[in-house]
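Student: I would like to learn how to read a model of this kind, feature by feature. Where do we begin?

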Amino acid sequence: MNNAALLPIAPEVILLAGALIVILLLVLLERPYREGGIVALAALAAAAIASVLQWQALEDGADNLYFSAQGVPVPRLPMVVMDHYSAFAGVVIFIVAMLGLAVAWRLVLTLGARGAEFLTLVLLAVAGLHMMTASANMIMLFIGLETASIALYVLAGFTRERANADEAAVKYFLLGSLASVIFVYGAALLFAATGSTAFYGAGSMRQFLAENIVAEPAILLLAMGLVIVGMSFKVTAAPFHQWAPDVYQGAPSGIVGLMAAGVKIAGFAALGRILFSALPSQIDDWAPALAIIAGVSMIIGTVLAAVQDDVKRILAYSGVAHAGYILMAFLAGSDGIGSMWFYVTTYALTVIAVFAVVAVVSGSRSGSSPLADWSGLSSRAPVLAWAMLIMLLALAGIPFTTGFVAKIGVFTAATDAGYLWLMILALMTTIVGLYVYFRLAAVMFLEDPAGVEDVVVPPTTALVLTVAAVTTVLLGLLPWPLLDLAREALPL
Amino acid sequence: MLPTLILLPLIGAVAVALVPRHRSELLFPLGLAVSIPPLVAALWVAANFTVGDPSFQFVTDHTFSESLGVGWRLGIDGISLWLVVLTALLFPLALAASTAITDRTKSYLVAMLILETGLLGVFLALDLLLFFAFFEIVLVPMYLLIGIWGSENRRYASLKFVLFTGAGSVFLLGGIIVLALFTGDLVDQLSSFDIRMMLDVELSSTAQLWLFLAFGIAFAIKVPIVPFHTWLPDAHTEAPTAASVILAGVLLKMGGYGFLRFNMTLFPEATVDLARVLAVLGVIAIVYGAVVAIVQPDIKRLVAYSSVSHMGFVILGLFALTSQGLTGGVFVMISHGLVTGALFLLVGMLYDRRHTRLIDDYGGIATVMPIYAGFFLYMAFASIGLPGLSGFVGELAVLVGSYLTLPVLAIIAASGVILAAVYMLWGYERVFTGPITNSANESLHDLGLREIAIIVPLILIVLAIGIYPRPILDRIQPSVDLILERIEATTSYEVPEYGSTIDEGAG
């Protein structure tokens, strides 16, 4: 194998090497967290560069698009694919992970020697997340999913001295495992229906479905349903979202942003990988199911977000609603991929920033973040409050933020695909969303900061917030560069 | 020129935001100073506007995305011209009247200037998505203005404002997306948001009806048309003076402007079908707003309900579907912006002194504040529609125009003028005339030089366009006639002929 053949898995290799170095530092140094953090950030940056190089290679017409145990250039059973889709996912996931790690920095410092474990787990999780998006095979996708999930279960309970963190971790583990089982059952049935686990190449699922008419589609339909349900768990689409509010509330605030944003990006990208690469011919079967899940998610997400009194729970339910909006992009088939990418990317950035603010306001180790913590934030920490306001406006879909552009994209995609009813439903829930986000804004800006102490913004968080706020407004004003890239980021 | 006009307040906002904390005494002078260039630019546009040309002038057309059909498309015509000038005029006055704001001054000024950018954008955008973006962004600074700097019940009023007007605009957004997809089919793109291109789309009458309703509900809430008006009294009453001025003076016009620019232009068939319904709603607003205004115990609420009544004239004028009605409707918007803006400024000046808006707390204050009383009476007469002042011209045109097609409604609407005399003069009587009943009012001091300087320009303009409205009307009429021509061309409706222009004999 030559070097070029390793390019498809270069990001994963870099991240695993980084994870090993961090563990080694634990042996070599007494207090390795600072060095470990630098290594972890460097690994993520290198992985992001590797993804950019992948994109560059594809633009130059690279021909080694697959990685497989069986050699190059086009193996019979490809395992990992390098296309614009995976390269784009890589850049987004790794940059978001770097920002997430910067937010978690204060948490890492307080963890002492366990900080190194923490960093290792983050790197493993990120490697798994990217593997989900770059897999060319159901089995590989499942391995990526499990790598990421297991690392994240541990991270959710990392502040184990707090009982509700344990509870969150256990709940996340149990429900997440159930989702994995459902997913793997779906994958097995897909194999039963099509005779393959591969997305590409001779004898793949896609080829089988394109060339054959499935006489008895029951197994295929069941298989697709199970796969969609399994992924819906991961991206917190209703009615498979129940774990999210409790887990978000229990897990340390410093890491929730990375958990939420990372899993959303990878979950949607993986779902897109399966649906667009392996099952594009079955769009008439899976699109209506996704439309219903999207509609339910919007309703449940916004309505329940409106009645929560804890900011982390509000954000969890808002995440459910946004999962619904993102699913709208899928209904347009491959025409919607650009909208999906734009939404997922900008939403992930917003989520990282929002949880960064939560970690400052309520403490990065703590779990809950009651609304009372937030009263009069604009007097106590004006810059923090304004940054949060920009994020809330983006979540509400107000113009001149990325949230508006993203919403227009998915609404247009769904309407063009003939799902007018879903767009109208989405518009209705947007109204409730206005209440959700402006209520929080009112707490920050209109209430007196009675009896709440001042907050200190760590420099790393300030950096992340600046990046996020500037990007949110700039891409809200001029989204075209990112939109053009997103529209090119298609799977093979 | 138009991009500059939109960006000037934004640049001003950035300049204000950069004032260092220890130089906060510079904030107000700077905020006021940066609101002047947009006014100069707007007047320059008005001076260079070609009279008699009904189409868009000073057009900027820069496409951002070919396949989505989104672009930075700006232009101005007779309908938007005076609304732009009005916006640019009211902001310096409102800012000059904001010296009572001492809490978080910088944020206040930035919010005001961003609000100005948004409002100018609304009137200048020729791209529906751009229009919607400006239309919606206005919510945010207005929410903050009401919520942070408003009076006691501000939290409730600000959230209600956001939810009501936000709820309306999501329907608008839905309509825009559907219409843009239709337009995109025309030019083989996914979508197109260029409103000039949208004129070529042939819509079925069902599609027109639904789109008219989707657009219409957003604008009806903004105008506001009864029964969508309930946010308005709360928002106006709780808002700080400057925000009330902008709300009444400019924000409500976004609704009337939207009806004219989008509903009547893009959906002519539905317009003809629904004209009567809307005209009836307009008349209901005229009478209802006036009757409710009579019994208000709060001066600001009285003026707020008078807005509902006056905006009813706008709706009646537009949906009379006559040249006079449309021209009059636009003129009422301008006049109402000036007069009600002035009234809110005056009420704010009184509130700054006594911190109460209740009519019962006053009485006989003309003896201690004669200049103030004179100004107030003048604006009250302008609001009623006294011949020679601006209110008369527009309302007369609306009544004449609507009499041609909807005589019964016109006659009922005329009662609104009488009711206006009742609520305005009775309100004036209780606040200003007679002996001073409340001893707290004895020490009130009359208007200072700054306050006089704020009101006098409005007094002069109200008088000038009341006596000689021709320059205004000459620019409005060709553009509204274009809309009527399109309605005539695409439907069986025929505009009744009655003279060609409104005579300036109004004075």
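Tutor: With the elements: chain A has 21 helices and 2 strands, where helices (H or I, at least four residues) and strands (E, at least two) are DSSP runs numbered from the N terminus. This is a predicted model, in which local features need pLDDT of at least 70 and side-chain atom pairs count only at pLDDT 80 or more, while totals for chains, interfaces and linings use all residues. Residues are numbered from 1 along each chain as its sequence is written, and chains are lettered from A and ligands numbered from 1 in the order in which they are written.

Student: Which radius of gyration does chain A have, and why does it agree with a compact globule?

Tutor: The radius is taken over C-alpha atoms, and the globule rule is 2.2 Å times the number of residues to the power 0.38. For 492 residues a compact globule would come near 23 Å, and chain A has 21 Å, which agrees. Along the principal axes, its C-alpha atoms fill a box of roughly 70 × 60 × 40 Å.

Student: How do I read the contact between the chains?

Tutor: Two residues are in contact if their C-beta atoms, placed from the backbone, lie within 7 Å. Here 22 residues come from chain A and 27 residues from chain B. On the side of chain A that touches chain B, helix 19 of chain A has the largest share, 11 residues. That side has 18 nonpolar, 3 polar and 1 charged residues; Ala, Val, Leu, Ile, Met, Phe, Trp, Tyr, Cys and Pro count as nonpolar, Asp, Glu, Lys and Arg as charged, and the others, Gly among them, as polar.

Student: What does a hairpin look like in chain B?

Tutor: Two strands pair if DSSP finds at least two bridges between them. Strand 1 (residues 57–65) and strand 2 (residues 70–76) of chain B are antiparallel over 6 bridges, and His62(B) has Trp72(B) as its bridge partner. Between the two strands of this hairpin lie 4 residues, and Gly69(B) in the turn has a positive phi of about 70°.

Student: Where is the kink in helix 13 of chain B centred?

Tutor: The bend at a residue is the angle between axes fitted to the seven residues ending there and the seven starting there. In helix 13 of chain B the kink is about 55°, centred on Leu274(B).

Student: Which span should that helix 13 of chain B have?

Tutor: The expected span is 1.5 Å times one less than the number of residues. The 27 residues of helix 13 (residues 268–294) of chain B should span 39 Å, and the end C-alpha atoms are 37 Å apart, which agrees.
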